[in-house]
Amino acid sequence: MFFFFFFQAEDGIRDAQESRGLGDVYKRQYQRRVRGVGASLMADAIPGQRLGNTSEFHGGRGTHTQNTWVYASVVGAIRTVPFGEGSMIEVLRENDAGTVLPAVGDLVLCKIVRVTQRHAQAAIMCVGETVLKESFNGMIRVEDIRLAEVDRLDVYNCFRPGDVVRAQVISLGDRRSYYLTTAKNELGVVFAQSEAGVCMVPMSWEEMVCPHTKVKEARKVAKVLVDEADVIHSEDQPEL
């Protein structure tokens, strides 16, 4: 008695190129999908694929680090971007291919998450008018808060955790954070809550006040920029 077994290969394996396993199948199928929507990035990473050494790259989205190596965590396209003195390597899924990255000179909105004696750590939420799908780490060093009286600055008197700050990217920073500055009149805190949980009102470039408790708190306040069109419109309104 004889038994015959028939196996059907996965779609994509039976081609002229030698296959190294099921991972190659998924990789080639994903490349076809990406090319089909006109993306310029080639999808050439699968989960677990080694992308590079941590001495060369800082792991970004879609990656994880183990020992001294950066590995892909998702199926997608590999992208490298300048970051600090080196490069950051990412694996982008189909929907992330057009993600905006902060660049030197960009105005950003960030939320203060931690304050120390030497700097404030922030999460960058917006670049220009673009809201980011996920935040990037930013750092405002004490020497980048103001142009004058840097030696006498207390970071806690400029920012508090939870403050929303308008800042400018001045450097791609180290391997962990973008360096930001608020050393211009139009840069600084644009939203802050008092200890009572109430939105505070700017009193000057270095103070805000809680409208309920009337308690004043120190901040590096951003100068409010008024659109010229709004000024003209308000001047045209008749007095009541």
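Which residues of the largest nonpolar core touch the most other members? The legends below take up this question and then visit other parts of the predicted model.

**View 1. The largest nonpolar core.** Welcome to the core, which has 33 residues. Ile124, Phe159, Val165, Tyr178 and Leu180 are the members that touch the most others. Two or more residues come from each of these elements: S6, strand S8 (107-115), strand S9 (119-127), S10, S11 and strand S12 (178-181). Strand S9 makes the top contribution, giving four residues, the most to this core. As background, nonpolar side chains in soluble globular proteins tend to be buried together.

View 2. Another core, of eight residues, lies apart from the largest one. Among its members are Ala45, Leu51, Phe57 and Ala72.

**View 3. An open sheet of three strands.** Follow the strands in the order S2-S5-S4 and you will find antiparallel pairing. At the edges are strand S2 (50-53) and strand S4 (63-66), each of which pairs on one side only. From one strand to the next, the twist averages 30 degrees. Strand S2 is joined to strand S5 (residues 69-72) by three bridges, in the antiparallel sense. To find your way along this pairing, look for Arg50, whose bridge partner in S5 is Tyr71. Asn53 is another place to look, with Trp69 as its bridge partner in S5.

**View 4. The hairpin of S4 and S5.** How many residues lie between S4 and S5 in their hairpin? There are two, and Asn67 in the turn has a positive phi of about 55 degrees. The strands S4 and S5 run antiparallel and are joined by four bridges.

**View 5. Strand S7 and its partners.** Is strand S7 largely enclosed or open? Five of its seven residues are buried, so S7 is largely enclosed by the rest of the structure. Strand S3 (residues 57-59) pairs with S7 in the parallel sense over three bridges, and His58 has Met88 in S7 as its bridge partner. Strand S6, in contrast, runs antiparallel to S7, with seven bridges joining the two. Within S7, Ile89 stands opposite Thr80.

View 6. Glu90 and Arg79 form a salt bridge, and their closest N and O atoms are 3.2 Å apart. Glu90 lies in strand S7 (residues 86-92) and Arg79 in strand S6 (residues 76-83), so this pair ties together parts that are 11 residues apart in sequence. Glu90 counts as buried because its relative accessibility is 0%, and Arg79, at 14%, counts as buried too. The count of salt bridges comes to seven.

View 7. Arg160 and Glu217 meet through their side chains in a salt bridge of 3.5 Å, N to O. Arg160 lies in the loop between strand S10 (130-141) and strand S11 (164-171), while Glu217 lies in strand S16 (residues 216-218), so the pair ties together parts that are 57 residues apart in sequence. Both Arg160 and Glu217 are buried. Elsewhere, salt bridges that share partners join Arg118, Arg141, Glu143 and Asp144 into one network.

**View 8. Confidence along the chain.** The protein has a mean pLDDT of 77, and 72% of its residues reach 70 or more. Over residues 10-23 the pLDDT is below 50, and this stretch has 15 contacts in the model beyond near neighbours in sequence. Residues 25-42 also have pLDDT below 50, with 35 contacts beyond near neighbours in sequence.

Terms used
Residues are numbered from 1 along each chain as its sequence is written. This is a predicted model: local features need pLDDT of at least 70, side-chain atom pairs count only at pLDDT 80 or more; totals for chains, interfaces and linings use all residues. Side-chain values use heavy atoms; hydrogens and water are left out. A salt bridge is a side-chain nitrogen of Lys or Arg within 4 Å of a carboxyl oxygen of Asp or Glu. Buried means under 20% relative accessible area, exposed over 50%, partly exposed in between (1.4 Å probe, protein chains only). A nonpolar core is a set of buried Ala, Val, Leu, Ile, Met, Phe, Trp, Tyr and Cys residues joined through side-chain atoms within 4.5 Å. Two strands pair if DSSP finds at least two bridges between them. Axes are lines fitted to C-alpha atoms, for helices over the stretch in contact, and angles run from 0 to 180 degrees between N-to-C directions. pLDDT is the predictor's confidence in each residue, from 0 to 100. Contact means heavy atoms within 4.5 Å.
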